[in-house]
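Subject: Structure for your files

Dear colleague,

Here is the structure I said I would pass on. My notes on it follow below.

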Amino acid sequence: MPGFGPYSYRHSSVFSVVQGLDDMIPVTVKVIVRDWLNANHVLFLGEDENVLVDSGYVTHADTTVRLVREALGTRTLQRLVNTHCHSDHMGGNAAVQRAFGCPIWIPEGEAPLIEAWDTRALWIDYAGQRAERFDFDEVVGPGDMLIMGELEWSAIPAPGHDMSALMFWNSAERILVSGDALWERGFGIVLPGEGWHDRLDAARATLGQIRALDPRVVIPGHGQPFTQVEQAIALCESRIAAFETDEVKLARYVLKVMLSFALLDLGRLEEAYLAEYLASMPLYADYDREWLHLGFDELAAMLVHDLARSGAIVRRDGYIMAA
Ligand SMILES: [Zn+2]
């Protein structure tokens with residue numbers, strides 16, 4: 001987001017190759033847990049082919065490439081696959097492709113947006129996010145079977161948060177790579193606006209699909225892999241129930257998540273400048289006009305108050321930053 005005021009970039013990142021999962025996840029599947037700005041990377045090691053799922057955020061792409069290289073050792077990368085095309089999952093695609101020369105596979109429903117580089121539909125400049133443009137080589141469709149890490153994975157549609165998202169399911173080991181459809185404590189935001197009930201219904205149906213699969217372990221797009229799957233599903237279902245009667249509540253929640261995400265990217269933002277920042281992003285202007293009717297000063301005050309109260313941000317020396 002060049003051109004915008006007083007902020008500084010934060011270059012640190014929390015990550016680890018998950019240890020102690022030997023009894024849960026086959027040795028051919030390496031999970032590189034990142035943070036909330038960068039999606040996790042799942043690296044599948046095979047005899048003939050090594051495959052990476054999701055590439056993180058663009059500003060941390062150097063770290064992504066280094067982590068993947070370390071996990072590969074002397075091997076090379078033959079393919080990059082995305083669960084869906086949000087900036088925290090595909091922002092590093094171009095950098096990974098440059099580093100390893102691998103083809104990129106994306107969910108087929110994302111293809112038109114990526115081809116057109118539709119920055120509004122991809123939530124990029126529309127929401128103050130960034131990503132490096134890339135070209136894809138192949139698409140993955142619902143029901144397609146992929147061999148990754150010497151295991152068979154079926155691509156399962158996971159609409160809701162992203163209507164074109166896919167999950168990858170291995171029935172032999174009962175492992176699900178869920179993307180943003182299910183985390184240990186939540187799932188990716190669902191947008192208000194036209195079709196919002198359909199999106200919430202889709203998110204609920206995706207959770208039902210996961211319940212029917214009965215995974216032994218879920219490798220999520222953010223956070224640690226987990227085994228308490230029913231508990232995670234039930235939490236998400238209760239959130240959906242709370243939103244489906246109140247579109248304004250959903251709109252407020254989306255703005256809070258989007259601002260928290262932007263703060264992870266920016267590092268910090270001068271509180272006095274926040275209203276101006278919000279006014280510069282079409283997302284906030286649109287949502288305020290449609291649902292909140294506060295004006296940018298009041299909107300800024302509301303977001304800071306709510307996010308500080310929930311512990312998502314901290315206020316210090318006139319700045320706000322992600323907690
Ligand atoms: Zn997402």
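The model is predicted, so local features need pLDDT of at least 70 and side-chain atom pairs count only at pLDDT 80 or more, while totals for chains, interfaces and linings use all residues. Residues are numbered from 1 along each chain as its sequence is written, and side-chain values use heavy atoms, with hydrogens and water left out.

Zinc site. H84 (NE2), H86 (ND1), H161 (NE2) and D180 (OD) coordinate the zinc ion at 2.1 to 2.3 Å. Donors are N, O and S atoms within 2.8 Å of the metal (3.2 Å for Na, K and Ca); water is not among the atoms, so sites may look incomplete. The donor residues follow the spacing H-x1-H-x74-H-x18-D in sequence. H161 sits in the loop between β10 (151–157) and β11 (166–170), and D180 in the loop between β12 (175–179) and α5 (196–213), so this pair ties together parts that are 19 residues apart in sequence. Helices (H or I, at least four residues) and strands (E, at least two) are DSSP runs, numbered from the N terminus.

Open sheet. Five strands form an open sheet in the order β9-β10-β11-β12-β13, with mixed pairing; two strands pair if DSSP finds at least two bridges between them. β9 (145–148) and β13 (217–220) are at the edges with a single partner strand each, so one side of each has no neighbour in the sheet. β9 and β10 are antiparallel, paired over four bridges, and M148 has L151 in β10 as its bridge partner.

T28. This residue is in the loop between β2 (16–17) and β3 (29–33). T28 counts as buried because its relative accessibility is 19%. Leaving aside residues up to four places away in sequence, T28 touches L43, F44, L45, G149, E150 and L151 (contact means heavy atoms within 4.5 Å).

Strand β16. From β16 (residues 319–322), Y319 and M321 point one way and I320 and A322 the other, and all are buried. β14 (residues 268–270) runs antiparallel to β16, joined by three bridges, with M321 in β16 as the partner of R268. β15 (residues 313–316) is also antiparallel to β16, through four bridges, and R315 has I320 as its bridge partner. β15 and β16 form a hairpin with two residues between them, where D317 in the turn has a positive phi of about 55 degrees.

Regards

Definitions and conventions
Buried < 20%, exposed > 50% of the residue type's maximum accessible area, 1.4 Å probe, protein only.
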